[in-house]
Amino acid sequence: MKGKISFSHIEKEYLHEMRNKINNSENKSDLKNHFSFTILNMLEEVFEEKEVELNGDDVLFDPKAEKYFILSSSLKDQVIFQETWKGSDLPNVIGRFAYSTYHRYLHLDKHLEKTERKIRN
């Protein structure tokens, strides 16, 4: 029986970038864009040797989703993606990024008036 493939080494590569981007996000829209952009870059590295078609809206931050992100049906329908998703820690890696993004989202939500004041100045 094969073990799961680990992408924790790639997670570590993107962790610092992700933290900087989410911590410097001034609004929820920035936050969502930074999440999607970073995850897309990470997936491009994960699948660089494989024929997986990636689009900008394949992984989106969604604070109402169970794991705080959603995958597009076009991504989920790709066999190579499905096999990698099921046979690796990729769902956990993306989940951890989404969880961090969610906490920043809550912070921005609580301090909306302060954020809007910063933007106006």
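What share of the contacts in the chain with a separation of 6 or more comes from residues 24 or more positions apart? In this predicted model, such pairs account for 65% of the contacts at a separation of 6 or more. The chain comprises six helices and two strands, and from the N terminus on its elements follow the order α-α-β-β-α-α-α-α. The C-alpha trace spans about 55 × 25 × 25 Å along its principal axes, and 40% of the 121 residues count as buried.

Two helix pairs that share H5 illustrate contrasting packing arrangements. Helix H1, which covers residues 8-23, packs against helix H5, residues 90-110, at an angle of about 15°, the two axes lying 10 Å apart. Because angles under 35 degrees count as roughly parallel, H1 is described as roughly parallel to H5, and the crossing of the two helices is right-handed. On the H1 side, the contact is made by Glu-11, Tyr-14, Leu-15, Met-18, Ile-22 and Asn-23, whereas H5 contributes Val-93, Arg-96, Phe-97, Ser-100, Thr-101 and Arg-104. Sorted by class, the residues of this contact between H1 and H5 are six nonpolar, three polar and three charged.

Helix H4, residues 79-86, also packs against H5, but at an angle of about 80° and with the axes 7 Å apart. Since this angle falls within the range of 65 to 115 degrees, H4 is roughly perpendicular to H5. The residues in contact are Phe-81, Thr-84 and Trp-85 of H4 together with Leu-90, Pro-91 and Ile-94 of H5. In terms of class, the contact of H4 with H5 contains five nonpolar residues and one polar residue, with no charged residues.

The C-alpha atoms of His-16 and Ser-88 are separated by 22 Å in space, the two residues being 72 positions apart in sequence. Ser-36, by contrast, belongs to helix H2, which runs over residues 28-46, and is buried because its relative accessible area of 9% is under 20%. The side chain of Ser-36 reaches the backbone oxygen of Val-59 at 3.0 Å. Apart from neighbours within four places in sequence, the residues in contact with Ser-36 are Gly-56, Val-59, Leu-60 and Phe-61. The segment assigned to strand E1 is 59-61, and Ser-36 of H2 thus meets Val-59, Leu-60 and Phe-61 within that strand, given that contact means heavy atoms within 4.5 Å.

The loop between strand E1 (59-61) and strand E2 (69-71) holds Tyr-68, and Lys-64 is located in the loop between E1 and E2 as well. For Tyr-68, phi is near 70°, a positive value in a residue other than glycine. Lys-64, with a relative accessible area of 79%, is exposed, as the value is over 50%. Although Lys-64 and Tyr-102 are 38 residues apart in sequence, their C-alpha atoms are 9.6 Å apart in space.

Terms used. Residues numbered from 1 in each chain as written. Heavy atoms only, no water. Helix = DSSP H or I, 4+ residues; strand = E, 2+ residues; numbered from the N terminus. Buried < 20%, exposed > 50% of the residue type's maximum accessible area, 1.4 Å probe, protein only. Polar contact = N/O pair within 3.5 Å; in protein donor to acceptor, adjacent residues only side chain to side chain. Axes fitted to C-alpha atoms, helices over the stretch in contact; angles between N-to-C directions. Parallel < 35°, antiparallel > 145°, perpendicular 65-115°, else oblique. Left-handed = near helix turned anticlockwise from the far one by under 90°. Nonpolar A, V, L, I, M, F, W, Y, C, P; charged D, E, K, R; others polar.
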